[in-house]
Amino acid sequence: MVKTILRATGTYVPTPEISNAELVASFNAYSERFNAQNADAIAAGTLEAKPLSSADFIESASGIKNRHVIEKDGILDIDEMVPRITPRSWDETSVQAEFAMKAITPALEKAGYTGADFDGIIVASSAQQRNFPALASELQGLIGCEGWSFDMTMACASALYGLNIAHTMIQSGQARRILVVSPEIMTSINVHSRREVHFIFGDAASAIIVEAGDATSSGWEILGTHTKNKFSNALRSDFGFINRSEYVADPDYEVGLDQDGHRVFKDVVSFAPVVAAELMSRLDLAPADIHRTWLHQANIRMVDMIAKRILGRDRTPENAPAILHEYGNTSSSSVVMNFEMHSEDMAPGETGVMCAFGAGYGVGAAAVRKM
Ligand code: COA
């Protein structure tokens, strides 16, 4: 029987960094200016004052200390609060495709492939910078892949949803080799003037090469994948094509990301381990069979709780590594970064489970065994 092999990954993290202290200084300057400019309305009770943020709160509530971003100055400038990205002409490579290439290139180099070696490309990320043509089509052109391509989104679980599709296509014989790419420029989606979310995200890209193989292949055998959703409105981003017509009468409407963090925390901590357990049960894997779990990085307390439920034992940095203190939440690329950074030490025959969760809610899980 054909095996699905995770042959190689590639990741990219931009160089500019923003610490909690820098982000909070910018957020508080923005809020204090807003409160001063609107002092009368706030005093009259017709407008709510913007609350201040704190670096200590961010670190203790989430575990995040730092994040890497595509561009720093615009995010910290209280007149902008978004990364500064120069518009590109019709003929130039798009910003997100260029970002994606920085993860694709090392993945191709590791495996020794060119674009011509692939049947298809799936871009699986929280958002794509345009509706069409598909970003995946642009990447096909850039790497010279002659197959099919499409874009898909399932928020922070996107990469594992993409991996699930790739695995299924390989098992069904529809494809022999697929590239799953997650270029996540989350600081462009985030609302840095909203206290509930301003500290959460960093930017990063990942790429996974998935292929048909056999017992002699090198890499990681994908034992199985599983995805599941439960609808929730507690975390959403309202950027979309309807915005132009829907909000035209309200120029102050802040279209963008918002969440009820408390609800997301509670709901996801109980839902994600169930999806991982369903996959493990299907594959006849007990918690004791799992050497390591690589989890999506959103909040260190969530990592602790979800790891314990998947592994049936307390989390340690070895059995469920964390990277969010340095990178923040890099959406769906985070689980791939975590895997890439913390898998080389595992021995052939050892098994691990990746699990990613996010808005939707969508949860993706994949069980892999080192070959
Ligand atoms: N700075 C300082 N204080 C803050 C603050 C900030 N940035 N944000 C909230 N607070 C205050 C609140 O006002 C509240 O004060 P009170 O107790 O006096 O009312 C207190 O801190 C606790 O706020 P709360 O919102 O309950 O914090 P929390 O413990 O739930 O942590 C999150 C907030 C966002 C870190 C946490 O809920 C979380 O990570 N949720 C999951 C979100 C997530 O992962 N989203 C992406 C999924 S892929």
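Predicted model: local features only at pLDDT ≥ 70, side-chain atom pairs only at ≥ 80, totals over all residues.
Q: How are two packed helices described?
A: Two packed helices are described by the angle between their axes and by the distance between those axes. In this structure, helix α5 (residues 95-111) and helix α6, which spans residues 135-143, pack at about 55 degrees with their axes 10 Å apart.

Q: Which residues of α5 and α6 meet?
A: From α5 come Gln96, Ala97, Ala100, Met101 and Ile104, and from α6 come Leu135, Glu138, Leu139, Leu142 and Ile143. By class, the residues of this contact are eight nonpolar, one polar and one charged.

Q: How do α1 and α3 cross?
A: Helix α1 (residues 20-37) and helix α3 (residues 55-62) cross at roughly 125 degrees, and their axes come within 9 Å. That angle makes α1 oblique to α3. The crossing of α1 and α3 is right-handed. On the α1 side the contact is made by Asn20, Ala21 and Val24, and on the α3 side by Ala55, Ile58 and Glu59. The contact of α1 with α3 has four nonpolar residues, one polar and one charged.

Q: Is Gln140 buried or exposed?
A: Buried means a relative accessible area under 20%. Gln140, in helix α6, has a relative accessible area of 12% and is therefore buried.

Q: What does the side chain of Gln140 reach?
A: The side chain of Gln140 reaches the backbone oxygen of Gly147 at 2.6 Å. Not counting residues up to four places away in sequence, Gln140 touches Ile121, Cys145, Glu146, Gly147, Trp148 and Ser149.

Q: Why is Arg309 described as partly exposed?
A: Partly exposed lies between the 20% limit for buried and the 50% limit for exposed. Arg309 has a relative accessible area of 47%, which means that Arg309 is partly exposed. Arg309 lies in helix α10 (residues 300-311).

Q: Which residues does Arg309 contact beyond its neighbours within four places in sequence?
A: Those residues are Val269, Ser270 and Pro273. A polar atom of the Arg309 side chain lies 3.1 Å from the backbone oxygen of Val269. Arg309 and Ser270 are 39 residues apart along the chain, and their C-alpha atoms are separated by 8.9 Å.

How values were computed
Residues numbered from 1 in each chain as written. Heavy atoms only, no water. Helix = DSSP H or I, 4+ residues; strand = E, 2+ residues; numbered from the N terminus. Buried < 20%, exposed > 50% of the residue type's maximum accessible area, 1.4 Å probe, protein only. Polar contact = N/O pair within 3.5 Å; in protein donor to acceptor, adjacent residues only side chain to side chain. Contact = heavy atoms within 4.5 Å. Axes fitted to C-alpha atoms, helices over the stretch in contact; angles between N-to-C directions. Nonpolar A, V, L, I, M, F, W, Y, C, P; charged D, E, K, R; others polar. Parallel < 35°, antiparallel > 145°, perpendicular 65-115°, else oblique. Left-handed = near helix turned anticlockwise from the far one by under 90°.
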